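Hi everyone, thanks for coming. I'd like to walk you through one structure today, so please have a look at it with me first.

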Amino acid sequence: MESTTQLNVRSHFFSFLLLLSIKSLVTKAQSPNYMGDDCHYTTQKPLSHAYKTNLNNILTWLSSDAATSKGYNHHSIGSNSNGDDAVYGLYDCRGDVVGYFCQFCVSTATRDVLQRCPNRVSAIIWYDFCILRYSNESFFGNVTTYPTWHDVGTKKISNLEEIQKGEDFMRSLIIKATKETNKLFYMDAFNLSSTERRYGLVQCSRDLTNEECRECLEAMLAHVPKCCEQKIGWFVAAASCLIKYDDYMFYLLHNQTSPIIVPNQQTAKQGGNNGTIPNIVSLSSNHNVQTEETLNPELPTIPLITILQSTDNFSEASKLGEGGFGPVYKGILPDGRQIAVKRLSKASCQGSEELKNEVMFIAKLQHRNLVRLLACCLEENEKILVYEYMPNASLNFHLFDNEKKKQLDWNLRLSIINGIARGLLYLHEDSRLRVIHRDLKAGNILLDDEMNPKISDFGLARAFEKGQNQANTNRVMGTFGYMAPEYAMEGLFSVKSDVFSFGVLVLEIICGKKNSGFYLSECGQSLLLYAWRIWCEGHCLELIDPVLENSCIASEVRKCIHIGLLCVQEDAADRPTMSTVVVMLASDTMALPRPNQPAFSVGRMTLEEASTSKSSKNHSINEVTISNIIPR
């Protein structure tokens with residue numbers, strides 16, 4: 001059990017969320033930006049089954065409730081009187097953040113908190129727009145005014161009269177925030193002179209009473225002369241409340257009853273210092289936005305206005321490439337985060353409901369070797385998917401370039417092989433649904449900032465019922481050189497189709513050359529048949545990329561070539577499963593079976609592949625079409 005002191009220490013993080021969130025100028029609506037957590041303050045410990053169950057239930061409840069609430073709620077499940085399985089949970093969005101922004105922030109928090117804070121009986125995670133916390137003891141209504149945090153701008157006031165005017169103004173906000181039941185938040189502005197305007201915000205944690213809130217805010221205001229009164233731009237905060245004062249409009253709402261509105265972009269960039277009052281644009285009146293009631297708590301959403309800003313209105317300079325179902329753009333959110341934005345073609349056959357199902361399905365596929373889907377947008381007839389951005393482009397971009405491939409030493413290539421294998425194993429056997437990729441290739445392996453591989457493009461995925469191992473399709477989609485023969489020629493696909501593609505990838509990674517077109521080289525035959533021939537002759541190391549000669553370990557290379565040949569055998573029944581592949585890669589002593597002759601290199605260039613080949617930048621492109629989703 002946690003002590004009262006521990007609870008008070010962690011309650012301090014409420015203000016930390018808020019004081020960090022308002023330091024940046026908000027020029028347009030943003031996505032939630034992860035700010036921090038308190039996990040390093042707590043120790044990991046085994047959690048009981050009952051507590052885990054209640055914790056999962058409380059997080060689901062908080063995420064669902066945020067879709068329709070007004071920005072705050074708390075809830076508890078279980079009881080400490082009969083078994084110490086009680087869980088207390090709370091989310092609180094910043095007072096000027098409502099609707100989509102709050103819901104998206106809370107749903108993001110509930111997905112991330114268990115990954116960032118595993119095996120903790122309590123945790124706090126905060127973003128610029130919201131805070132989420134849970135504990136095994138109730139923390140509702142705790143009030144803390146010490147210690148305090150403050151931050152001060154660099155500009156000095158030019159008129160000492162501003163000190164008293166600013167104090168009177170902030171005191172008026174405190175009165176307005178606490179005179180109505182459960183408001184606990186207020187923001188407004190006043191004209192300091194004919195050319196200068198000042199803005200203020202006060203907020204308390206919404207589990208406090210009006211009197212508790214007033215006491216907390218007054219304590220913060222009393223702290224201002226000690227730190228801040230000679231400067232323009234400051235905030236003072238404690239665990240339970242904060243106050244902020246500045247010369248630009250840093251909040252998202254202009255009045256206390258209007259819907260979400262944002263500052264005029266030009267004025268905001270100028271910091272509001274030119275004496276003009278920012279123009280205001282109402283999202284609800286000027287944009288065709290879904291109603292909150294239509295949001296599914298399991299469906300992460302992001303406002304169109306955020307996407308437009310992050311991609312500079314889908315500018316050509318932001319474009320990463322053109323896929324078969326629409327362009328992909330690099331986006332930079334106002335908080336600095338980078339994203340990959342897939343704008344599905346308006347001519348695509350996907351309907352909104354189908355896309356919702358697709359996004360919900362893909363969003364649940366989370367693994368360190370899969371590119372993560374962050375959100376979608378279905379506003380104004382747009383169908384947009386937002387992914388994490390992969391700064392090191394694709395494996396294709398590095399592996400088949402004579403200069404860039406030199407950065408891929410053997411240890412890195414082996415790490416990439418292992419990562420792809422683990423990601424594919426997750427899709428085939430460890431995810432909630434069995435997923436067959438159907439277009440695994442070097443161009444669909446993206447690399448993060450540490451060169452870790454992440455599989456992208458689940459648009460060709462197909463989910464199966466438990467026990468169903470293969471299916472037939474009339475629409476063969478894939479890439480020349482990677483398609484298994486039974487898929488390319490008969491439309492039959494299974495997990496073994498992906499295994500075949502993985503085997504091709506392994507051989508490509510070892511030799512640094514593409515399978516497609518390999519027959520045009522001096523070898524005069526396909527990569528698969530060439531690898532098979534020299535393996536049978538006992539000279540398989542001749543396959544290795546010359547740039548690896550000084551870094552490779554011969555035994556590891558031989559094993560990987562052997563595994564690659566097992567994966568590309570012509571008969572699908574002879575190919576190993578990915579679980580077996582992962583075991584073979586990890587073992588130094590396992591006896592591997594002798595492979596049979598591989599299939600001839602077969603495949604076809606589809607319209608999708610032809611279109612994808614037009615990509616000029618190819619940094620973080622995620623092809624997505626409709627997947628048929630069937631439970632295991």
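Let me begin with a definition: two strands pair if DSSP finds at least two bridges between them. Helices (H or I, at least four residues) and strands (E, at least two) are DSSP runs, numbered from the N terminus. Two words on the source as well. This is a predicted model, where local features need pLDDT of at least 70, side-chain atom pairs count only at pLDDT 80 or more, and totals for chains, interfaces and linings use all residues. Residues are numbered from 1 along each chain as its sequence is written, and side-chain values use heavy atoms, with hydrogens and water left out.

Now, the sheet. In what order do the 5 strands of the open sheet run? The order is β6-β9-β10-β8-β7, and the pairing is antiparallel. At the edges you will find β6 (149–156) and β7 (185–191), each of which pairs on one side only. From one strand to the next, the twist averages 5°; for angles, axes are lines fitted to C-alpha atoms, for helices over the stretch in contact, and angles run from 0 to 180 degrees between N-to-C directions. Inside the sheet, β9 (residues 231–237) and β10 (residues 241–246) share 4 antiparallel bridges, and A237 stands opposite L242 in β10.

Which helices touch this sheet? Helix α5 (residues 161–178) packs on it, touching β7, β8, β9 and β10, with its direction at about 40° to that of β8. Helix α6 lies across β6, β8, β9 and β10 and runs at about 45° to β10. Contact here means heavy atoms within 4.5 Å.

Let's move on to the aromatic rings. Rings of Phe, Tyr and Trp (its six-membered ring) pair if their centres lie within 6.5 Å; planes under 30 degrees apart are stacked, over 60 edge-to-face, and the rest tilted. That rule gives 6 aromatic pairs. For F139 and F140, the ring centres are 5.0 Å apart and the planes stand at 70°, so this pair is edge-to-face. Is F139 buried or exposed? With 1% relative accessibility, F139 is buried, whereas F140 is partly exposed at 22%. The cut-offs are under 20% relative accessible area for buried, over 50% for exposed, and partly exposed in between (1.4 Å probe, protein chains only). Ring pairs also bring in Y88, making a cluster with F139 and F140.

F139 has another neighbour: the charged end of R133 sits over its ring, 3.8 Å from the centre. A charge sits over a ring if NZ of Lys or CZ of Arg is within 6 Å of the ring centre and within 35 degrees of the ring normal.

Over in helix α15 (residues 527–536), W532 and W535 are 3 residues apart, about one turn of the helix, and both are buried.

Finally, salt bridges, meaning a side-chain nitrogen of Lys or Arg within 4 Å of a carboxyl oxygen of Asp or Glu. There are 20 of them. One joins D92 and R206 at 2.6 Å, N to O. D92 lies in strand β3 (residues 87–93) and R206 in the loop between β8 (197–204) and α6 (210–227), so the pair ties together parts 114 residues apart in sequence. D92 is buried, at 2%.

Another bridge links R372 and D112, with their closest N and O atoms 2.9 Å apart. R372 is in the loop between α10 (352–363) and β16 (373–377), and D112 is in helix α4 (residues 99–116), so this pair ties together parts 260 residues apart in sequence.
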